[in-house]
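Student: I am new to this structure, and I would like to learn how to read it. Could you take me through it one feature at a time?

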Amino acid sequence: ARSSSERRFDPLFYGSSDWGTWYVGEILGNFVVTNSNFEFHTLRLRFEPRDDLVVNLLGHYAELDRLPSEIASRVDMRAANVGSRPVAEEVDLVVEWAATDWLLLSGVVGAAFPERAAQEFTGGSETWVHFMLFSQIAF
């Protein structure tokens with residue numbers, strides 16, 4: 001009998017301290033994957049035009065660290081269709097405004113462009129778009 005084992009990163013305490021540091025990609029990291037068995041390449045540009053304003057532009061490229069296994073195919077039959085590693089490219093624009101000493105307001109716009117693996121898994125090639133307004137209150 002053939003034995004197979006799966007190794008995967010356990011995203012213990014899944015959360016974030018800054019944009020793009022733990023949730024890799026506002027779309028990919030929050031809604032599509034959980035940082036397990038993926039390779040991410042990230043480029044981040046950060047601008048601070050004023051003391052109370054921060055603008056982040058993040059670009060992510062995600063691919064599978066390896067092709068899905070027979071075990072993954074048993075869990076989700078769509079995994080059997082995946083024969084490519086590139087998952088998606090994503091671009092996020094994040095604007096943070098410190099309205100007061102205790103109130104931070106953020107606006108996020110993101111777009112993810114599915115690559116071959118995502119198209120093979122989902123059967124679609126539409127661009128995924130995400131908008132978010134976020135507030136943080138410190139006390």
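Student: Where is confidence lowest, and where is it highest?

Tutor: pLDDT is the predictor's confidence in each residue, from 0 to 100, and where it is low, the predicted coordinates should not be read in detail. The chain has a mean pLDDT of 80, with 72% of its residues at 70 or more. Confidence is lowest in helix H2 (residues 70–75), with a mean of 59, and highest in E4, at 95; such helices (H or I, at least four residues) and strands (E, at least two) are DSSP runs, numbered from the N terminus.

Student: Which side chain meets Glu39 in a salt bridge?

Tutor: A salt bridge is a side-chain nitrogen of Lys or Arg within 4 Å of a carboxyl oxygen of Asp or Glu. Here the partner of Glu39 is Arg85, at 3.3 Å from N to O. Glu39 belongs to strand E1 and Arg85 to the loop between H2 and E3, so this pair ties together parts that are 46 residues apart in sequence. Arg85 also meets Glu63 in a salt bridge, at 3.4 Å, and shared partners join Glu39, Glu63 and Arg85 into one network. Glu63 is buried, with a relative accessible area of 14%, whereas Arg85 is partly exposed at 31%.

Student: Which residues make up the largest nonpolar core?

Tutor: In soluble globular proteins, nonpolar side chains tend to be buried together. A nonpolar core is a set of buried Ala, Val, Leu, Ile, Met, Phe, Trp, Tyr and Cys residues joined through side-chain atoms within 4.5 Å. The largest one here has eight residues, namely Leu28, Ala62, Leu64, Val82, Val87, Ala88, Ala117 and Ala118. Strand E2 (53–64), E3 and helix H3 (116–122) each supply at least two residues of this core. Beyond its neighbours within four places in sequence, Ala62 is in contact (heavy atoms within 4.5 Å) with residues including Leu28, Glu39, Arg85 and Val87.

Key: Residues are numbered from 1 along each chain as its sequence is written. Side-chain values use heavy atoms; hydrogens and water are left out. Buried means under 20% relative accessible area, exposed over 50%, partly exposed in between (1.4 Å probe, protein chains only).
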